[in-house]
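Welcome, and thanks for taking a look at this one. Please have the sequence and the 3D view open side by side as you read on.

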Amino acid sequence: MREDRQLLTITHLTQLLTCVTGFGGLLVPLILWLTQKETVYTMDEHGKRIVNFQLSLIIYSLICIPLILLLGVGILGLIVIGLISIVFPIINAIKTNNGEIPKYPLSLNFIS
């Protein structure tokens, strides 16, 4: 296994594709994780955290949609989710580049 911090950093930053293109924030990191987890040191751990975070964001967004109709609070929730989906991939890409283990808040553990 090789250590490749640049690939790990890029994997975290590919989550931002959703903000740019509207899709790909889950698909591209998932593909990178599945293809590189056997060859890159700690890719398995980083990939699991990224996929769990992205799936959690999708679930939280789906929860906010009915809340828009019921209480109007869902709009605030979607704004917070949008900010979290931009800020934490950048923070964790910087941490990964420095050799630290990333942590995603409010991430549900789908894949362990």
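Helices here are DSSP runs of at least four residues and strands are runs of at least two, both numbered from the N terminus. With that in hand, the elements of the protein chain read α-α-α-α-α from the N terminus on. That gives 5 helices and 0 strands. Please keep in mind that this is a predicted model.

**Overall shape and surface**

- The C-alpha trace of the protein chain spans about 50 × 25 × 25 Å along its principal axes.
- The radius of gyration of the protein chain is 15 Å, which agrees with the value near 13 Å that a compact globule of 112 residues would have.
- Of the 112 residues in the protein chain, 33% are buried.
- The protein chain exposes about 6,600 Å², and carbon and sulfur atoms supply 70% of that area.
- For the contacts with a separation of 6 or more, 66% are between residues 24 or more positions apart.

**Helix H4**

- Helix H4 covers residues 43–70, which is 28 residues.
- From its first C-alpha to its last, H4 reaches 41 Å, close to the 40 Å expected at 1.5 Å a residue.
- The buried residues of H4 include Met-43, Gly-47, Ile-50, Val-51, Phe-53 and Leu-57. Also among them are His-46, Asn-52, Gln-54, Ser-56 and Cys-64.
- Those buried residues pack against helix H1 (5–13), helix H3 (27–36) and helix H5 (73–97).
- After H4 comes Gly-72, with a positive phi near 80°.

**A closer look at His-46**

- Which residues are in contact with His-46, leaving aside its neighbours within four places in sequence? They are Leu-8, His-12, Thr-96, Glu-100 and Pro-102.
- One of these partners, Thr-96, is itself listed with the buried residues of H5.

**Helix H5**

- The 25 residues of H5 should span 36 Å at 1.5 Å a residue, and its end C-alpha atoms are 37 Å apart, which agrees.
- The buried residues of H5 are Gly-74, Gly-77, Ile-81, Ile-84, Ser-85, Pro-89, Asn-92, Ala-93 and Thr-96.
- H1 and H4 are included in what covers these buried residues of H5.
- Just after H5, Gly-99 takes a positive phi of about 90°.

**Backbone angles worth a glance**

- As background, most residues other than glycine have a negative phi.
- Thr-42 is not a glycine, yet it has a positive phi of about 65°. You can find Thr-42 in the loop between H3 and H4.
- Leu-106, another residue other than glycine, has a positive phi near 55°. Leu-106 lies in the segment after H5.
- Leu-106 counts as exposed, because its relative accessible area is 56%, and exposed means over 50%.

Definitions and conventions: Residues are numbered from 1 along each chain as its sequence is written. This is a predicted model: local features need pLDDT of at least 70, side-chain atom pairs count only at pLDDT 80 or more; totals for chains, interfaces and linings use all residues. Side-chain values use heavy atoms; hydrogens and water are left out. The radius of gyration is taken over C-alpha atoms; the globule rule is 2.2 Å times the number of residues to the power 0.38. Buried means under 20% relative accessible area, exposed over 50%, partly exposed in between (1.4 Å probe, protein chains only). Contact means heavy atoms within 4.5 Å. Accessible areas come from the Shrake-Rupley method with a 1.4 Å probe; for residues, only the protein chains shown count as cover. The expected span of a helix is 1.5 Å times one less than its number of residues.
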